[in-house]
Amino acid sequence: MKNTLKLNSYCVKTAERNESTKPHQLPLYLSSSFVMEDSQEAVDIFTGQKKGHVYGRYGNPTIDTVANKIAAMEGFDLAGDAYGFLTSSGMSAITTLMMSTLQAGDSVLTQGNLYGGSTELLKKILFRMGVNTIFTNLQNLEEVEHIIKNNSNIRMLYFETPANPTMACIDIKAINTIASKYAVPTAIDNTFCTPYLQRPLSLGTDYVIHSTTKYLNGHGNSIAGAIIASDYDASRKIWETLKLNGSTCNPFDAWLLSNGLKTLAIRMDKHSSNAQKIAEYLQQHDKVTHVNYNGLKDHPDHEIASKQMSQFGGMLSFSVQGGQAEALATIDRLKCCTHAPTLGDVDTLVLHPATSSHLNVDKQIREENGITDGMIRVSVGIEDIDDLINDFKQALDQLY
Ligand SMILES: *Cc1c(COP(=O)(O)O)cnc(C)c1O
């Protein structure tokens, strides 16, 4: 008998796989669950004695391959392994990390100039869950030590360097040294740098998170995040939290990220060299009052950045003479650059912080932090440098 099933049952079943040689590129697995060969295998996998994919919310081959790759990149200099997880967004990476490491009564110590969403998460959501946040200037190391020493509830030091939009930097090694003296775990948002430019695990940071939506993917077509831990036990807690809060990355976004990662090194090289040239060009333009770029020797944190970053990346900001009206007019005149609220894409993006990312920050606090009404943030792309400089030139030359 050739057919053991009737044709209508045959339709339902997946046909015998026509798989022989290994695919050259990572396949996109769209299967919400995985088949157990026999009951013994099911028992072994569920009890953790055997590794195997079970259910898509716990991960799948596409997702886990990419997570492992990012972990290997962040852990490149470590003697041992690092452990990585992909999440549904950068924000879910931060949420999952906080949920897996903190409980009611704990406090987080962090900086005032975090990514806006991170600040809101801490102030609105985690606060309601009983986790308090202390905001301070993490560049002031004496103050940091003083706060940690006098508050045993601090169970996480969370930071970003360089920080948006002034590119203020924190000395990663120094901050980790203080935190570890008081056994406080540290976590960094490494979105702006990627492991190609900065590897915080090698400087003693316990956790790295990413919005892979930005540079790691680089093409502006997926939303995802990553959490990397250097400690195995800590990584198990993250995995448990992730599978229970259900914010695992979807396979398609993981697959897009996998494509983007292949060109990370050449993209970051070009982002960095283009940004340096644009920063230098803007600095000498008579309609520009100030440029914030870590690669400029007069940036207040140039030295810290030089110590911990291999190149200075693609993010910069500058202020035009005048104020909001002049900044907005400049943005509207740009032709090669696009006005969009993201960063890290291959094309150059501009944004007006005072009316977007920092809209809800008091003008006085904004100005104290160097975020003027005339400031424009630039995520420098990988286009030909001449086209970019000409674009800024024609837009700025039209002022007045
Ligand atoms: C975009 C961004 C996030 C949030 O990431 P999503 O992928 O949008 O959730 C967090 N941190 C930084 C530095 C970011 O730029």
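Modeller: On a 1 Å grid over the protein atoms alone, a cavity is a set of points where a 1.4 Å probe fits but cannot get out, and a lining residue has an atom within 4 Å of a point. The model here is predicted, with local features needing pLDDT of at least 70, side-chain atom pairs pLDDT 80 or more, and totals for chains, interfaces and linings using all residues. Residues are numbered from 1 along each chain as its sequence is written, and side-chain values use heavy atoms, without hydrogens or water.

Biologist: Which residues line the largest cavity?

Modeller: The lining is made by Pro-162, Met-167, Phe-192, Cys-193, Asn-294, Met-309, Phe-312, Gly-313, Gly-314 and Met-315. The largest cavity holds about 40 Å³ of space, where a volume is the space filled by probe spheres set on grid points joined across faces, edges and corners. Searching the whole structure gives 1 cavity of 30 Å³ or more.

Biologist: How do the residues of that lining divide by class?

Modeller: Ala, Val, Leu, Ile, Met, Phe, Trp, Tyr, Cys and Pro count as nonpolar, Asp, Glu, Lys and Arg as charged, and the others, Gly among them, as polar. In the lining of the largest cavity, 7 are nonpolar, 3 polar and none charged.

Biologist: Where is Pro-162 found?

Modeller: Helices (H or I, at least four residues) and strands (E, at least two) are DSSP runs, numbered from the N terminus. Pro-162 sits in the loop between strand E4 (154-160) and helix H7 (172-181), and a cis peptide bond with omega of about -5° joins Thr-161 to Pro-162. Pro-165 is in the loop between E4 and H7 too; its bond to Asn-164 is cis, with omega about -10°. Met-167 also belongs to the loop between E4 and H7, and its phi is near 65°, a positive value in a residue other than glycine.

Biologist: How much space lies in the largest pocket?

Modeller: A pocket is an open set of grid points with protein on both sides within 12 Å along at least five of seven lines. The largest pocket has about 1100 Å³ of space. Helix H4 (90-101), helix H5 (116-128), strand E6 (207-211) and helix H14 (363-368) are the elements that give two or more residues to its lining. H5 gives the most, with 6 residues. Of the 42 lining residues, Leu-114, Tyr-115, Gly-116, Gly-117 and Ser-357 lie nearest the centre of the largest pocket.

Biologist: What takes the space of the largest pocket?

Modeller: The ligand does, by the test that more than half of a molecule's atoms lie within 2 Å of the grid points. Counting residues with a heavy atom within 4 Å as near, its surroundings include Ser-89, Met-91, Tyr-115, Asp-189 and Leu-343.

Biologist: Which backbone atom lies 2.9 Å from an oxygen atom of the ligand?

Modeller: A polar contact is a pair of N or O atoms within 3.5 Å. Here a backbone N or O atom of Gly-90 lies 2.9 Å from a ligand oxygen. For a side-chain N or O atom of Ser-211 the distance to a ligand oxygen is 2.8 Å, and for a polar side-chain atom of Lys-214 it is 2.7 Å. The protein buries 92% of the 380 Å² that the ligand exposes when taken alone, by the Shrake-Rupley method with a 1.4 Å probe.

Conventions:
Polar contact = N/O pair within 3.5 Å; in protein donor to acceptor, adjacent residues only side chain to side chain.
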